[in-house]
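Dear colleague,

Please find below the structure that I am handing over to you. I would be grateful if you would read the notes after it alongside the coordinates.

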Amino acid sequence: MKWDAVAELDEMRVFMRVAEFGSFAAAAEDLRRTPTAISKLMGRLEERLGVQLLTRTTRRLSLVEEGETFLRRCREILAALKMRRRKSAGPAGNYRAVSRSMRGRVSAGINWLLSSPNFSPRTRR
């Protein structure tokens, strides 16, 4: 299966919202998605990671220990990306090339962050 960094970042953002609100419905409203889409995305995330992140009841969601750990790591990763983006933007806060005559493809990734020895997408048991 091909690795999709954008999809994984989206999963992290959605997971953080679900954890914050404690509800698929509230997270869905905030993210302008359906509760079903959020629920399915969380199920796929748990399956991909190989761990349960949430305990579901009819009235509330709560994080299990692995969910708490994953939430902390998501916050760290997204904060690092935000800081990196700010540094890349420069003092004026824009990404425009110095020369308008410069053309080409720019490739940016987060491999440098996710490949750190402290990050493991799977929680080992």
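The notes below cover the chain as a whole and then two residues.

This is a predicted model, in which local features need pLDDT of at least 70 and side-chain atom pairs count only at pLDDT 80 or more, while totals for chains, interfaces and linings use all residues. Residues are numbered from 1 along each chain as its sequence is written, and side-chain values use heavy atoms, with hydrogens and water left out.

The protein chain contains five helices and two strands (DSSP runs numbered from the N terminus: H or I of at least four residues for helices, E of at least two for strands). From the N terminus, their order is α-α-α-β-β-α-α. Of the 125 residues, 30% are buried (under 20% relative accessible area; exposed is over 50% and partly exposed lies in between, with a 1.4 Å probe and protein chains only). Contacts are heavy atoms within 4.5 Å; among those between residues at least 6 apart in sequence, 57% join residues at least 24 apart.

Glu 11 lies in helix H1 (residues 5-21). Glu 11 counts as buried because its relative accessibility is 10%. Leaving aside residues up to four places away in sequence, Glu 11 touches Leu 41, Met 42, Leu 45 and Arg 48.

Arg 13 is also placed in helix H1. With a relative accessible area of 43%, Arg 13 is partly exposed.

Yours sincerely
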